[in-house]
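Biologist: Before we start, please show me the model. I would like to ask what the terms rest on.

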Amino acid sequence: MLRYLVTLQVADRKGLVEQIAHAVSRHGGNWLDSELRHIDGIFAAILLLEVPSSNWDILIENLERIEGLSLTYAKTSKQPNKLQHLSFSLVAYDRPGLVHEISNKISALGINIEHFSSRYETACHTGVALFRANFDLGMRNPEQEEQLCEALYALGDDVVLDKISR
């Protein structure tokens, strides 16, 4: 069995997940991990699959037959995990460049972003534009957590940061 990271995108419609899952199953694949999203009328997915090497090419052919679907893939291998994993939630007033500022602070500390999910919304009572993000990070040492919090709070007085227990 070989491991592949597959990214897909297609105009959203009913039955896409079932179609994809059916193709993976029919070709002896194992669906290990995924992120599936509907964003602005587009279905986007990231899948980690284990597939017998003899079935890989035919699986890709079958997935490419789904109308309008575009995909990319890369062979992967399981890496030993030596990181401390922490999850955070951040809320701030929305402004251009905020994701760049956040990712820059995280990267400057040598911390790996493993998952990042964000959305725009307006505060219900004030109508103020808000940016919300949830992210999972991999850190090499415990001191990085305090450094990270200081760096993110330095983005502005409007930043609210919570550590999420998992």
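**Helices and their buried faces**

Biologist: Which residues of helix α2 are buried?
Modeller: In helix α2, residues 56–64, the buried ones are Trp56, Leu59, Ile60, Asn62 and Leu63. Looking down the axis of α2, these buried residues fall within an arc of 160°, so they line one face of the helix. The arc is taken from the directions that run from the helix axis to the C-beta atoms. Buried means under 20% relative accessible area, exposed means over 50%, and partly exposed is in between, with a 1.4 Å probe and protein chains only. This is a predicted model, where local features need pLDDT of at least 70 and side-chain atom pairs count only at pLDDT 80 or more, while totals for chains, interfaces and linings use all residues. Residues are numbered from 1 along each chain as its sequence is written, and side-chain values use heavy atoms, with hydrogens and water left out.

Biologist: What do the buried residues of α2 pack against?
Modeller: They pack against β1 (2–11), α1 (16–26), β3 (42–51) and β4 (70–76). Helices (H or I, at least four residues) and strands (E, at least two) are DSSP runs, numbered from the N terminus.

Biologist: What puts the buried residues of α1 on the same side?
Modeller: In α1 the buried residues are Leu16, Ile20, Ala23 and Val24. Their arc around the axis is only 100°, which puts them on the same side of α1. The face turned away from that buried side carries the exposed residues Glu18 and Ser25. Among the elements covering the buried residues of α1 are β1, β2 (30–39), β3 and α2. After α1 comes Gly28, with a positive phi near 75°.

Biologist: Where do the buried residues of α4 fall around its axis?
Modeller: Helix α4 spans residues 143–153, and Gln144, Glu145, Leu148, Ala151 and Leu152 are buried there. Seen down the axis of α4, they fall within an arc of 130°, so they line one face of the helix. Glu143, Glu146 and Glu150 are exposed on the other side of α4. The buried residues of α4 pack against β5 (84–93), α3 (98–108), β7 (129–139) and β8 (160–164).

Biologist: Why is Leu49 called buried?
Modeller: Leu49 is found in strand β3. Its relative accessibility is 0%, so Leu49 counts as buried.

Biologist: Which residues is Leu49 in contact with, leaving aside its neighbours within four places in sequence?
Modeller: Contact means heavy atoms within 4.5 Å. Leu49 is in contact with Leu2, Arg3, Tyr4, Val6, Val24, Asn30, Trp31, Leu32 and Leu59. Leu49 and Tyr4 are 45 residues apart along the chain, yet their C-alpha atoms are separated by 5.3 Å.

**The chain as a whole**

Biologist: Why is the protein chain called more spread out than a compact globule?
Modeller: The chain has four helices and eight strands, in the order β-α-β-β-α-β-β-α-β-β-α-β. Its radius of gyration is 19 Å, well over the 15 Å that the globule rule gives for 166 residues, so the chain is more spread out than a compact globule. The radius is taken over C-alpha atoms, and the rule is 2.2 Å times the number of residues to the power 0.38. The C-alpha trace spans about 55 × 40 × 25 Å along its principal axes.

Biologist: How many of the contacts join residues at least 24 apart?
Modeller: Among contacts between residues at least 6 apart in sequence, 69% join residues at least 24 apart. Of the 166 residues in the chain, 31% are buried.
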